Amino acid sequence: MSMRIAFLKGHGTENDFVIVPDPENAIDLSPAAVAALCDRRAGIGGDGLLHVVRSAAHPEAKAMAAEAEWFMDYRNGDGSIAEMCGNGVRVFARYLRHAGLVAEGDLAIATRAGVKSVHLAKDGDITVGMGSARLPEGDVTVRVGERSWPARNVNMGNPHAVAFVDDLAHAGNLYSPPPFSPASAYPDGVNVEFVVDRGPRHVALRVHERGSGETRSCGTGACAVAVAAARRDGADPSVTGTPATYTVDVPGGRLVITERPDGAIEMTGPAVIVAEGEIDPEWLENAVR
């Protein structure tokens, strides 16, 4: 890996990412390389990595190239591949605007969970069409220490277990994945959200993200939480015929989630670019040995 590699650093409600622009998909980002870059002490540091590639140049996104020019090749902080990251999409869109590759207004971004519609507002907020939620059948339980809770199984293109608790401290340190059962509910692991009420249609969460540990925010998690809360509260838009909007406080800020009667979910929140520079190729080669 002798070429010099540009990078940026950005975050959405403090869910932070290393951004690697690579329009022609010329950079081999191995899991070890991603993990080294996301290391907070020995690398740049981030909850994950946003590999910015033209859809036509990536084998997983070629079929979406007619709908979306850009593909978010998202990686978790441990180097594993993820289907989708809601905060990541907002930061990805902010990077495209920062680089002059798109204008304010509407655009489409390809992800492993399909093409996402994005709107970049003049006030800086970014709204992402997150698709619709799937609610797999079956009871799920999550545990922390001696406590256990029933959890709602919500799939937002990636899997979530949403547990309503009395106190967010009950989630523990979230360094390691909270145990869940049955194992068959999430064969590839799961993002676990612990949720408390703050007021009418206003909740707060802590989250363990699969492959990253506890993060300051999780966009798909906030959507999953809003969906689970709406079902719990009897505010299912497909039944009531009216949109349900929830304010979701995350440790890093605030997101607003709206689910519409047709099942479409929109997430609105901020995203910022904080730094840019170059990765030293010698350091990266040594880091992955």
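Predicted model: local features only at pLDDT ≥ 70, side-chain atom pairs only at ≥ 80, totals over all residues.

Trainee: Noted. What covers the buried residues of helix 1?

Mentor: The cover includes strand 2 (15-21), strand 3 (48-54), strand 4 (70-76) and strand 18 (272-279). Helix 5 (281-287) is also part of that cover.

Trainee: And which residues of helix 1 are buried?

Mentor: Helix 1 spans residues 31-38. Ala 33, Val 34, Ala 36, Leu 37 and Cys 38 are buried there.

Trainee: Let's zoom out. How many helices and strands does the protein chain have?

Mentor: Five helices and 18 strands. The radius of gyration is 18 Å, close to the 19 Å that the globule rule gives for 289 residues, so the chain is as compact as a globular protein of that length. Its C-alpha atoms fill a box of roughly 55 × 40 × 30 Å along the principal axes.

Trainee: What share of the residues counts as buried?

Mentor: 51% of the 289. The accessible surface comes to about 12,300 Å², and carbon and sulfur atoms hold 48% of that.

Trainee: Charges next. How many positive and negative side chains are there?

Mentor: 27 positive and 38 negative. The centres of the two sets lie 2 Å apart.

Trainee: Now the inside. Which residues of the largest nonpolar core touch the most other members?

Mentor: Met 72, Leu 96, Ile 109, Val 118 and Ile 257, out of 52 residues in that core. Helix 3 (residues 219-232) gives this core its largest share, nine residues. There is also a second, separate core of 17 residues, with Val 140, Val 142, Leu 174 and Val 190 among them.

Trainee: Back to Met 72. What does Met 72 touch?

Mentor: Leave out residues up to four places away in sequence. Then its partners include Leu 50, His 51, Met 84, Cys 85 and Phe 92. Ile 109, Ala 110, Thr 111 and Arg 112 are also among them.

Trainee: Ala 110 came up there. Where does Ala 110 lie?

Mentor: In strand 5, residues 105-111. Ala 110 is buried, with a relative accessible area of 0%. Leaving aside neighbours within four places, Ala 110 is in contact with Ser 55, Met 64, Ala 68, Trp 70, Phe 71, Met 72 and Val 115.

Trainee: OK. Which residues does a cis peptide bond join?

Mentor: Ser 181 and Pro 182, with omega at about 0°. Pro 182 sits in the loop between strand 11 (180-181) and strand 12 (191-199).

Trainee: And phi?

Mentor: Look at Thr 13 and Leu 174. Thr 13 is not a glycine, yet its phi is positive, about 45°. Thr 13 is in the loop between strand 1 (5-12) and strand 2. Leu 174 also has a positive phi, about 60°. Leu 174 lies in the loop between strand 10 (159-164) and strand 11.

Trainee: Is Leu 174 buried or exposed?

Mentor: Buried, with a relative accessible area of 2%. Thr 13 is buried too, at 4%.

Conventions:
Residues numbered from 1 in each chain as written. Heavy atoms only, no water. Helix = DSSP H or I, 4+ residues; strand = E, 2+ residues; numbered from the N terminus. Rg over C-alpha atoms; globule rule 2.2 N^0.38 Å. Buried < 20%, exposed > 50% of the residue type's maximum accessible area, 1.4 Å probe, protein only. Areas by Shrake-Rupley, 256 points an atom, 1.4 Å probe, with all protein chains shown as cover. Lys, Arg positive; Asp, Glu negative; His and termini not counted. Charge placed at Lys NZ, Arg CZ, Asp CG, Glu CD. Core = buried A, V, L, I, M, F, W, Y, C linked by side-chain atoms within 4.5 Å. Contact = heavy atoms within 4.5 Å.
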